[in-house]
Amino acid sequence: MEKYTFKKEERLCSKRSIDDLFHNGSSFVVYPFRVVYLAYEPQERPFPAQAILSVPKKRFKRAVDRNHLKRQMRECYRQQKHTLYAFLQDNALHMSLAIQYVSNEKLPFETLKAKTAQLLARLEHEIDQSHLGKGN
């Protein structure tokens, strides 16, 4: 049985790692999310991916709205990340990942969940394409 957790070690917290992700990473949009990712060789970490989720203050002025959306995004990612983890382990990769909310309105949880599934599928496709281009 899968454990659907999102532990501290799975969160991207290091300022240096975040800067590296945004300066050297690739990005794409699956509305209402913008995804920035950076795949790299495996390191001594218990989890193959580290993620950061953000909702901009520019679009949602009230903290309660930002926190609510972040909570929903975390829940969607937590429930579906096992597919990404399996893909990364099969390809012997680790990655840093930023998921940013870009919509101006709050969308229902079911929509966010469906879009998160699309986002993870597209992420796997993008990684496949970038590794095929490098000859791996």
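Asp65 is found in helix α2 (63-90). Helices (H or I, at least four residues) and strands (E, at least two) are DSSP runs, numbered from the N terminus. Asp65 is buried, with a relative accessible area of 17%. Buried means under 20% relative accessible area, exposed over 50%, and partly exposed in between (1.4 Å probe, protein chains only).

This is a predicted model: local features need pLDDT of at least 70, side-chain atom pairs count only at pLDDT 80 or more, and totals for chains, interfaces and linings use all residues. Residues are numbered from 1 along each chain as its sequence is written, and side-chain values use heavy atoms, with hydrogens and water left out.

- Asp65 touches Phe60 and Lys106, not counting residues up to four places away in sequence. Contact means heavy atoms within 4.5 Å.
- Asp65 and Val55 are 10 residues apart along the chain, and their C-alpha atoms are separated by 9.1 Å.
- Lys81 also lies in helix α2. Lys81 counts as buried, at 4% relative accessibility.
- Leaving aside neighbours within four places in sequence, Lys81 is in contact with Thr5, Phe6, Glu10 and Leu120.

**The sheet**
- Four strands form an open sheet in the order β1-β2-β4-β3, with mixed pairing. Two strands pair if DSSP finds at least two bridges between them.
- β1 (26-30) and β3 (49-54) stand at the edges, each with a single partner strand, so one side of each has no neighbour in the sheet.
- From one strand to the next, the twist averages 20°. Axes are lines fitted to C-alpha atoms, for helices over the stretch in contact, and angles run from 0 to 180 degrees between N-to-C directions.
- β1 pairs with β2 (residues 33-40) in the antiparallel sense over five bridges. Ser26 stands opposite Tyr37 in β2.

**Helices across the sheet**
- Helix α1 (residues 15-24) lies across β1, β2, β3 and β4 (94-101), running at about 105° to β2.
- Helix α2 lies across β2, β3 and β4, and runs at about 160° to β3.

**The cavity**
- The count comes to one cavity of 30 Å³ or more. A cavity is a set of points on a 1 Å grid over the protein atoms alone where a 1.4 Å probe fits but cannot get out; lining residues have an atom within 4 Å of a point.
- The largest cavity holds about 30 Å³ of space. Grid points are joined across faces, edges and corners, and a volume is the space filled by probe spheres set on the points.
- Its lining consists of Phe33, Leu53, Met73, Tyr77, Ile99, Thr116 and Leu119.
- α2 and α3 (109-133) each supply at least two residues of this lining.

Terms used
On a 1 Å grid over the protein atoms alone, a cavity is a set of points where a 1.4 Å probe fits but cannot get out, and a pocket is an open set with protein on both sides within 12 Å along at least five of seven lines; lining residues have an atom within 4 Å of a point.
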